Amino acid sequence: MDLILASTSRYRQQLLNRLAIPFRCEAPEVDETPLPGEEPAALASRLALAKAHAIAARFPEALVLGSDQVASIDGDCIGKPGGHDAAAAQLRASSGRLVSFYTAVALVNRGQELALTRLVPFAVEFRPLAEAEIQSYLHREQPYDCAGSFKCEGLGISLFQRMAGDDPTSLEGLPLIATSALLRQAGVPCP
């Protein structure tokens, strides 16, 4: 069966490649604006499912995998910074604090009336960061397209003092343990 990743994220593509399952990518066009009063975990789940449904509407016989990640500090969502100044502000706000990440994955097949979702929470406690460390890190790794302004698979790991969660790949944007389980549940052999 055709597997489609409802994403153009190179990070999610790299992660899904690790499962050695053939897939292709399609860009979902989904409004990612939070609903009034929507909690970060609910937002991530809703958007993962919406992305998968958007592509499944175009390819009803395919299995479509959607994912979304929302980061928050004290329940307030923080997104992708998009540039240096916003990233520096995010890292200043994260310094010495616990940041929660909610990564949701959804698997949809319209032909089989299948819609499965999983939410994978993960927490990162940042060590206290000096301004010079923030600037040095941002100039070296430029994580401007990453929620929370870091790449844990790279130099960003040095910004933390503790991580807590069941699946570290959720922090990169696609929880592979949950993804593998959903694929197996849908009948896709997943080593």
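Where is Lys-151 found? Lys-151 lies in the loop between helix α4 and strand β7 (160-165).

**Basis of the report**

This is a predicted model, in which local features need pLDDT of at least 70, side-chain atom pairs count only at pLDDT 80 or more, and totals for chains, interfaces and linings use all residues. Residues are numbered from 1 along each chain as its sequence is written, and side-chain values use heavy atoms, with hydrogens and water left out.

Helices (H or I, at least four residues) and strands (E, at least two) are DSSP runs, numbered from the N terminus. Buried means under 20% relative accessible area, exposed over 50%, and partly exposed in between (1.4 Å probe, protein chains only).

**Helix α4**

Helix α4 spans residues 131-141, and its buried residues are Ile-134, Tyr-137, Leu-138 and Glu-141. These residues cover an arc of only 95° around the axis, which puts them on the same side of α4; the arc is that of the directions from the helix axis to the C-beta atoms. Ala-132, His-139 and Arg-140 are exposed on the other side of α4.

**Asp-68**

Asp-68 belongs to strand β3 (residues 63-73). Asp-68 counts as buried because its relative accessibility is 4%. Its side chain makes a polar contact with the side chain of Lys-51 at 2.7 Å. A polar contact is a pair of N or O atoms within 3.5 Å; within protein, one must be able to donate a hydrogen and the other to accept it, and residues adjacent in sequence count only if both atoms are side-chain atoms.
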